[in-house]
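Please open the model in a viewer and follow the selections below in order. Each stop names what to select and then describes what is there.

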Amino acid sequence: MKELVLPVPKTVSATYIVPVPAPISTVEARRQAGQAVEAKLTGPLRTLTTKWLAQGAVKVAVEVAGTPPPGLLDKPHFGTREQRAFLARARTFVQFSATQRASLIGVQEWKARGPAAALAAGLGAPVLDPRALQVLTAEEALAGVPDTALTMPASTSDDVTVCLAFKPLVRVDDVDHLGVIAVMTDGMRRFGLPELRMGPASPDLREELATLLNGVAFRLWSDLLARAQETPKAVGLLNLPRFLRVPAQMEIHRRDLDRANGVPNLGGMYATIGLEVDPAPNENPGDWLTVCPPADWDMSWEDFVADTCHSMFGFEKPRWHYIPEFGALLDALAKAKKSLPEARSRFLHGDLPAGGQLMVRYEAVDTELRWAKVESWEDAEHAVVRDIGRELTSGMRPGPLVAIESREIADWGIWVDGRGVIEGARTEGLGYHLS
């Protein structure tokens with residue numbers, strides 16, 4: 001199977017900021033953070049964070065709060081009203097930062113996020129994630145460290161067990177431009193991986209595409225975790241090589257989407273997707289992985305999106321919600337097949353309307369649907385026809401006589417010169433291929 005080679009950054013960094021309502025020195029900030037870690041964190045992470053603070057592996061910096069950029073605290077998407085009010089009252093900002101070799105479990109996040117979340121929890125303050133331009137509650141920040149959110153076992157190998165939640169660390173954003181949307185992840189680079197994106201699509205599919213991309217990102221990350229677990233004592237989780245290999249094509253199941261969201265799987269099918277590496281321009285921080293149709297896809301991008309959404313979400317929607325044209329074709333084919341014996345009987349008994357000619361639409365090479373004029377149909381298993389072409393139009397020139405199997409006939413219609421189709425032909429205009 002074809003694989004993509006992804007370069008891994010040597011180091012990655014994390015920074016979190018806690019607004020404090022009173023002036024505070026760096027020494028006092030480090031002391032209060034240490035006390036908060038003891039009170040709010042648990043298990044091995046509490047011990048590790050205390051050690052990291054003492055050794056300086058977590059950098060603590062203090063800055064006097066200045067005037068925020070005009071309009072920032074008025075933006076509804078920038079935290080809640082209460083969080084913006086807290087930020088407006090802040091006298092000091094305490095920054096926690098850490099730099100770490102890239103790892104699939106984002107150790108730099110534990111180092112910086114843990115003490116920031118603990119301090120914020122003690123103060124009732126929000127936590128700022130400047131990399132993601134996001135305002136978090138202390139509880140949301142704590143959910144992103146492994147001792148407080150045991151939602152997904154990332155590794156179990158020998159005596160190493162790490163439990164880490166994916167959702168608090170990776171979000172999916174969307175952009176809307178000229179009436180179409182695209183979705184993209186924000187957070188995969190915390191693990192030394194490229195961000196993912198998918199689009200364009202109709203704004204009506206905003207929720208579906210976001211859910212789908214979140215599932216693809218989770219599947220990619222969890223597969224790499226599973227592979228890394230195979231290394232002795234799971235050292236592959238911490239020490240990423242300079243390059244990672246991922247499949248250029250994979251099957252995505254609905255259960256992948258549900259696992260990524262932490263909800264029970266209630267059904268759904270699977271779809272095959274492709275991945276392409278798009279190198280980032282010089283001013284951007286890293287490459288992108290773009291979701292695309294698989295290599296053997298021979299239809300349009302819009303068809304790929306519709307087909308994938310139908311596979312992932314179709315059981316939750318009315319029949320053929322995502323692919324109405326294909327659904328209409330299948331429904332028309334079913335009705336035509338059911339009434340085909342009666343149409344043959346009418347042809348054999350001369351019961352067609354005056355001037356009427358029986359036409360049949362049959363599966364030609366590569367499942368193409370073509371129309372033909374029936375000349376004889378004495379044998380129920382075979383019909384003798386003259387091929388016409390893809391469409392029923394005026395000025396048709398039937399071709400030479402050929403025999404086709406009756407089981408290849410997908411539709412029928414009655415044509416009268418000068419009037420066109422007067423009966424049947426339910427599939428006309430609904431597609432030329434069955435797949």
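Burial is judged by relative accessible area: buried means under 20%, exposed over 50%, and partly exposed in between, with a 1.4 Å probe and protein chains only. This is a predicted model, in which local features need pLDDT of at least 70 and side-chain atom pairs count only at pLDDT 80 or more, while totals for chains, interfaces and linings use all residues. Residues are numbered from 1 along each chain as its sequence is written, and side-chain values use heavy atoms, with hydrogens and water left out.

**Arg254**

Select Arg254, which is placed in helix H7 (residues 254-261); helices are DSSP runs of H or I with at least four residues, strands are runs of E with at least two, and both are numbered from the N terminus. With a relative accessible area of 10%, Arg254 is buried. Next, display Met312: its backbone oxygen is reached by the side chain of Arg254 at 2.8 Å. Then show the residues that Arg254 touches, leaving aside those up to four places away in sequence; among them are Asn265, Gly267, Gly268, Phe313 and Glu316. Contact here means heavy atoms within 4.5 Å.

**The aromatic cluster**

How many aromatic pairs does a search of the whole structure find? The search finds seven. Rings of Phe, Tyr and Trp (its six-membered ring) pair if their centres lie within 6.5 Å; planes under 30 degrees apart count as stacked, over 60 as edge-to-face, and the rest as tilted.

Select Phe166 and Phe218, an edge-to-face pair with 5.4 Å centre to centre and 75° between the planes. This pair links distant parts of the chain, 52 residues apart: Phe166 lies in the loop between strand S8 (160-163) and strand S9 (171-177), and Phe218 in helix H6 (residues 206-228). Phe166 is buried at a relative accessible area of 3%, and Phe218 is buried at 2%.

Proceed to Phe191 and Trp221, whose ring centres are 5.1 Å apart and whose planes stand at 35°, so the pair is tilted. Phe191 is in the loop between strand S10 (180-186) and strand S11 (195-201), and Trp221 is in helix H6, 30 residues apart. Phe191 is buried at 0% relative accessibility, and Trp221 is buried with a relative accessible area of 0%. Now select Phe166, Phe191, Phe218 and Trp221 together: they form one aromatic cluster.

**Arginines over rings**

A charge sits over a ring if NZ of Lys or CZ of Arg is within 6 Å of the ring centre and within 35 degrees of the ring normal. Select Arg189 and Trp288: Arg189 lies over the face of Trp288, at 5.2 Å from the ring centre. Finally, select Arg242, whose charged end sits over the ring of Phe243, 5.8 Å from its centre.

Notes
A polar contact is a pair of N or O atoms within 3.5 Å; within protein, one must be able to donate a hydrogen and the other to accept it, and residues adjacent in sequence count only if both atoms are side-chain atoms.
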